[in-house]
Amino acid sequence: MNRVVHFEIHVDDTERAIKFYKEVFGWEFVKWEGSPTPYFMVMTAPKESKEAGINGGLLPRSASIPTKECGSNAFVCTVQVESFDATAEKIKAVGGVVAMPKFAIPSMAWQGYFLDTEGNTFGVHQADVNAK
């Protein structure tokens, strides 16, 4: 089965958002120096923690957000899969669309984003140390 393994918070002001989440939840933020765009790893628990949960990322927003009255504006969850390409074909075959094409997270994985049939964004992640 494929599990949600990562979340992302898209923000307008990274410093303001980091301050907010640190103060509210006590999360730690580590700037990822290898990223082509500003990206902060979100540590929701210490690395050795046995608590259930996942860590995530925080990055500048790439598109406008809906109005506050829309009822939903959420974190983006990423699902880990065995094959990015096979999963992308399944998504498209059942009505999903590509939101951001497949790209390499160098030496880590293949990543991309899709919209489901309801317009919700989600990520797909295939671990691959040879991704370039």
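This is a predicted model: local features need pLDDT of at least 70, side-chain atom pairs count only at pLDDT 80 or more; totals for chains, interfaces and linings use all residues.
Visitor: Where is helix α1, and what span should it have?
Guide: Helix α1 covers residues 14-25. With 12 residues at 1.5 Å a residue, α1 should span 16 Å, and its end C-alpha atoms are 16 Å apart, which agrees.

Visitor: Which residues of α1 are buried?
Guide: In α1, Ala17, Ile18 and Tyr21 are buried. Seen down the axis of α1, the buried residues fall within an arc of 100°, so they line one face of the helix.

Visitor: What covers them?
Guide: The cover over the buried residues of α1 includes the strands β1 (4-11), β2 (28-31), β3 (40-43) and β4 (56-60).

Visitor: And which exposed residues are on the face turned away from the buried side?
Guide: That face of α1 carries Glu15, Arg16 and Glu23, which are exposed.

Visitor: What caps the N-terminal end of α1?
Guide: Asp13 caps that end of α1. A side-chain oxygen of Asp13 lies 3.2 Å from the backbone nitrogen of Glu15.

Visitor: What about just after α1?
Guide: Gly26 is found there, and Gly26 takes a positive phi of about 75°.

Visitor: Changing topic: how many aromatic pairs are in the whole structure?
Guide: A search of the whole structure finds 11 aromatic pairs. One of them is formed by Phe7 and Phe75. This pair is stacked, with 5.6 Å centre to centre and 20° between the planes.

Visitor: Where do Phe7 and Phe75 lie?
Guide: Phe7 lies in strand β1, and Phe75 lies in the loop between β4 and β5 (76-80), so the pair ties together parts that are 68 residues apart in sequence.

Visitor: How do the rings of Phe20 and Tyr21 pair?
Guide: Their ring centres are 4.9 Å apart and their planes are at 90°, so the pair is edge-to-face. Phe20 counts as partly exposed, at 46% relative accessibility. Tyr21 is buried, with a relative accessible area of 11%.

Visitor: Which residues do ring pairs link into a cluster?
Guide: The cluster linked by ring pairs consists of Phe7, Phe20, Tyr21, Phe25, Trp27 and Phe75.

Visitor: One last thing: what lies over the face of Trp110?
Guide: Lys102 lies over that face of Trp110, at 4.7 Å from the ring centre.

Definitions and conventions
Residues are numbered from 1 along each chain as its sequence is written. Side-chain values use heavy atoms; hydrogens and water are left out. Helices (H or I, at least four residues) and strands (E, at least two) are DSSP runs, numbered from the N terminus. The expected span of a helix is 1.5 Å times one less than its number of residues. Buried means under 20% relative accessible area, exposed over 50%, partly exposed in between (1.4 Å probe, protein chains only). The arc is that of the directions from the helix axis to the C-beta atoms. Contact means heavy atoms within 4.5 Å. A polar contact is a pair of N or O atoms within 3.5 Å; within protein, one must be able to donate a hydrogen and the other to accept it, and residues adjacent in sequence count only if both atoms are side-chain atoms. Rings of Phe, Tyr and Trp (its six-membered ring) pair if their centres lie within 6.5 Å; planes under 30 degrees apart count as stacked, over 60 as edge-to-face and the rest as tilted. A charge sits over a ring if NZ of Lys or CZ of Arg is within 6 Å of the ring centre and within 35 degrees of the ring normal.
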